[in-house]
Amino acid sequence: MALPAFETVPAPPMVRIRSVRKCFGSVEVLKGISLDVPVGGVVCVVGPSGSGKSTLLRCVNRLETVDSGRIWVDGDLIGYAERGERLHHLRPAQLCAQRQDIGMVFQRFHLFPHRTALENVMEGPVVVKGVPRDVARKRAMELLERVDLAGRAGHYPAQLSGGQQQRVAIARSLAMDPKLMLFDEPTSALDPELVQEVLAVMRDLAASGMTMMVVTHEMGFAREVGDNLVFIDGGVIVEQGNPRDVLANPRHERFRAFLGQVL
Amino acid sequence: MTGAPGATRNSEAAGEPHLPIDAVRPPRPGRWIAAAVALFAMVWLLYTIIVNENLHWDVIVEYLTDGRILGGLWVTIQLTVLSMVIGLALGILAAVMQLSGSPVLRGASALYTWFFRGTPLLVQLIFWFNIGLVFPSFGIGVPFDGPKLVEWQANELITPFTAALLGLAINEGAYMAEIVRAGIRSVDPGQREAAEALGMTHRQVLRRVVLPQAMRVIIPPTGNQFISMLKTTSMVSVIAGAELLTVSQRIYLGNFEVIAMLIVASIWYIVLTTIASVGQHFIERRFERGHDALRTKVRRNLRPFGKGSV
Ligand SMILES: Nc1ncnc2c1ncn2[C@@H]1O[C@H](COP(=O)(O)OP(=O)(O)OP(=O)(O)O)[C@@H](O)[C@H]1O
Ligand SMILES: [Mg+2]
């Protein structure tokens, strides 16, 4: 079957990271990272503690600024506007607009403790997008149902288990209809028996076509759901590839040593 | 936690005998003696006050609802509420400036709290009352002695009431700044990040996420400040502020019932502070939302141990 030429051109990636460097004081945490995440792709980022995984993720939605390099999400340069030869800082309102399309899930959930599960999920659409409350409530209920927590809508975070809180946090991010979801060790703060319920939600999300960047120590999840596994150590990408392949045949000594510790 | 299926807590259902604890407490004579002594002391004190002829209870009762006293009471309430509201607004402003990235704003805020916490309120009140000696007129126009659009004379603008309000509110703002700052700092930085990740602006983060949580820490000391302010307003009597203490003094300068008038004022101060304490209790409960949930949960979990020992 002869396909028209334009259909064979690869789609532009959802996330394009080029030569990103980042220092904290005199310590260079990211030493030139380049990485693409295709639309609908799931990239799992692994690496030892302090290797810069969180920092990389936080640069993507600009909770941290980069020192050099470029990050594009869905074709938009993050944090700057390119006019002629020079970059111009975006105004705060423009930064907020960029963040709306990027969901982030934190290791320690960070649900708003003074709002119920339902109110947590409604908060973004109502405050940021100005969605009417009844519309936002209906949508929030659907999302809570999707993460299997419709029965807990009226509970405050303190009344929920860690796994339930993390699922509410995922629903809260999804309420903004993001193009991209960032997960920073979403199951690391959970008791072992609660990890699977969160991974199940993330698996569903990946299957529904969401583009995801996931920092995780769950190698099983990476092998099963990930399209690409990236091993970061010392602020550089040491090894990457199809998770099944690289986990079966790790080439670099440091990656092998790391796998020996986590598996 | 839910029990395993088939497990039961009902001891009788499991065939266990019922063993009630019906224990006798050891006698505590010391406690009874102390209570009796305290009770006697209180009754005796009350008796000496009530039968004391020098206290003129009839005068006290008569003046309790005197028009001038009630007028002074109203001024006290107005001064307290207005200076607390303005003080809180100034405090939030100063606290947000203090936590901002700009060194100029931080410096201005630090200067404000440093100066107004460092000088006595009494001095500030007298200063505001006599501000006309330094700035005879205020105007809106071009700064640095340029032409003025509108101009007021200080001695028309500065009444005892406005001087009192200026003094109390600006002084209060300096203290509230510290309280608000501590409250804002008590909020987990992760909360700010989660809100920013949703795309909230700085203002939205502050208003929707940080301040409501900071309130939990801000409210109790603010309640104390309010109660303290009810009484601090009496300092305004040095500039004849027409509040409760000033009118009481005016009355006793006429009828020489010094003690009776002071008791009348004190009774009203106690009534106000009592009402304020009750109000504080309910407001604190309101801002415990989401946190009392945790406490009831903990309490429920502890119940098997707590039972019977209270
Ligand atoms: N705000 C900051 N200020 C200074 N140093 C920081 C800051 N954030 C991170 N770092 C440092 O940067 C390095 C990388 O941190 P990062 O959180 O990205 O590591 P990580 O790979 O996510 O580690 P972990 O697995 O423990 O979460 C660490 O050495 C950390 O101490
Ligand atoms: Mg991390």
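Trainee: How much of residues 73-280 of chain B is helix?
Mentor: This is a predicted model. In the UniProt record, an unreviewed entry, residues 73-280 of chain B are listed as "domain: ABC transmembrane type-1". The end C-alpha atoms of that stretch are 20 Å apart. Strand takes 5% of the stretch, and helix takes 75%.

Trainee: How many helices and strands does chain B have, and in what order do they run?
Mentor: The secondary structure of chain B comes to 12 helices and 2 strands. Read from the N terminus, the elements run α-α-α-α-α-β-β-α-α-α-α-α-α-α.

Trainee: What share of the contacts in chain B, at a separation of 6 or more, joins residues 24 or more positions apart?
Mentor: Chain B has 310 residues, and 34% of them are buried. Count the contacts with a separation of 6 or more.

Trainee: Which element gives the nonpolar surface patch its largest share?
Mentor: The patch consists of F40(B), W44(B), L45(B), L46(B), Y47(B), I49(B), I50(B), V51(B) and W57(B). Together they have about 970 Å² of accessible area. The largest share, 8 residues, comes from chain B's helix α1, residues 29-51.

Trainee: Is L46(B) buried or exposed?
Mentor: L46(B) sits in helix α1 of chain B. Exposed means over 50% relative accessible area. L46(B) has 53% relative accessibility, so L46(B) counts as exposed.

Terms used: Residues are numbered from 1 along each chain as its sequence is written. Chains are lettered from A and ligands numbered from 1 in the order in which they are written. This is a predicted model: local features need pLDDT of at least 70, side-chain atom pairs count only at pLDDT 80 or more; totals for chains, interfaces and linings use all residues. Side-chain values use heavy atoms; hydrogens and water are left out. Patches are made of residues with over 30% relative accessible area and no salt bridge: like charges are joined within 9 Å, nonpolar side chains (Val, Leu, Ile, Met, Phe, Trp, Tyr) within 5 Å. Accessible areas come from the Shrake-Rupley method with a 1.4 Å probe; for residues, only the protein chains shown count as cover. A salt bridge is a side-chain nitrogen of Lys or Arg within 4 Å of a carboxyl oxygen of Asp or Glu. Helices (H or I, at least four residues) and strands (E, at least two) are DSSP runs, numbered from the N terminus. Buried means under 20% relative accessible area, exposed over 50%, partly exposed in between (1.4 Å probe, protein chains only). UniProt positions are given in the numbering used here, feature names are shortened, and annotations may be inferred rather than shown by experiment. Contact means heavy atoms within 4.5 Å.
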